Amino acid sequence: MTFQLEKLTCPSCMQKIIDNVNELTGIEAIKILFDRSKARVVFEDNKISEEEILHKIEEIGYSAKKI
């Protein structure tokens, strides 16, 4: 699944999102394209939902939407 993130301002913002999403059960991989403000997340849909991933991103202070 791919998410459009709010405009990322620094690499530490990107790393904060990666670290927090990786803590969730069912996440297999996350890659962020910093210059495009997009995140690609591979996950087990029987363990976590898209909404839970979006909620986690928003919980740490960023906005995201599925594209």
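Predicted model: local features only at pLDDT ≥ 70, side-chain atom pairs only at ≥ 80, totals over all residues.

User: Start with the core. How many residues are in the largest nonpolar one?

Analyst: The largest nonpolar core has 22 residues. Those with the most contacts inside it are Phe3, Leu5, Ile17, Ile32, Ile53 and Ile57.

User: Which elements supply it?

Analyst: At least two residues each come from strands S1 (2-5), S2 (27-33) and S3 (38-43) and from helices H1 (11-22) and H2 (50-59). H1 gives the largest share of this core, five residues.

User: What is isoleucine 53 in contact with, leaving aside neighbours within four places in sequence?

Analyst: Isoleucine 53 is in contact with Met1, Phe3, Val21, Leu24, Ile27, Val41, Phe43 and Ile48.

User: Back to H1. Which of its residues are buried, and what covers them?

Analyst: Cys13, Met14, Ile17, Ile18, Asn20 and Val21 are the buried residues of H1. The cover over them includes S1, S2 and H2.

User: What span should H1 have, and what is the distance between its end C-alpha atoms?

Analyst: H1 has 12 residues, so at 1.5 Å a residue it should span 16 Å. Its end C-alpha atoms are 16 Å apart, which agrees.

User: New topic. How many salt bridges are there?

Analyst: The structure holds three salt bridges. In one of them, lysine 66 pairs with glutamate 50, and their closest N and O atoms are 3.1 Å apart. That pair links distant parts of the chain: lysine 66 is in strand S4 (residues 64-66) and glutamate 50 in helix H2, 16 residues apart.

User: Buried or exposed, or in between, for those two?

Analyst: Lysine 66 is partly exposed, with a relative accessible area of 47%. Glutamate 50 also counts as partly exposed, at 24%.

User: And which residue pairs with glutamate 59?

Analyst: Glutamate 59 forms a salt bridge with lysine 56, with 3.3 Å between the closest N and O atoms. Both lie in helix H2, three residues apart, about one turn of the helix.

User: Why does lysine 56 count as buried?

Analyst: Its relative accessible area is 15%, and buried means under 20%, so lysine 56 is buried.

User: Which residue does glutamate 44 bridge to?

Analyst: Glutamate 44 bridges to lysine 47, the closest N and O atoms being 3.5 Å apart. Glutamate 44 is partly exposed at 26% relative accessibility, and lysine 47 is partly exposed with a relative accessible area of 49%.

Notes:
Residues numbered from 1 in each chain as written. Heavy atoms only, no water. Core = buried A, V, L, I, M, F, W, Y, C linked by side-chain atoms within 4.5 Å. Buried < 20%, exposed > 50% of the residue type's maximum accessible area, 1.4 Å probe, protein only. Helix = DSSP H or I, 4+ residues; strand = E, 2+ residues; numbered from the N terminus. Contact = heavy atoms within 4.5 Å. Expected span 1.5 Å × (residues − 1). Salt bridge = Lys/Arg side-chain N within 4 Å of Asp/Glu carboxyl O.
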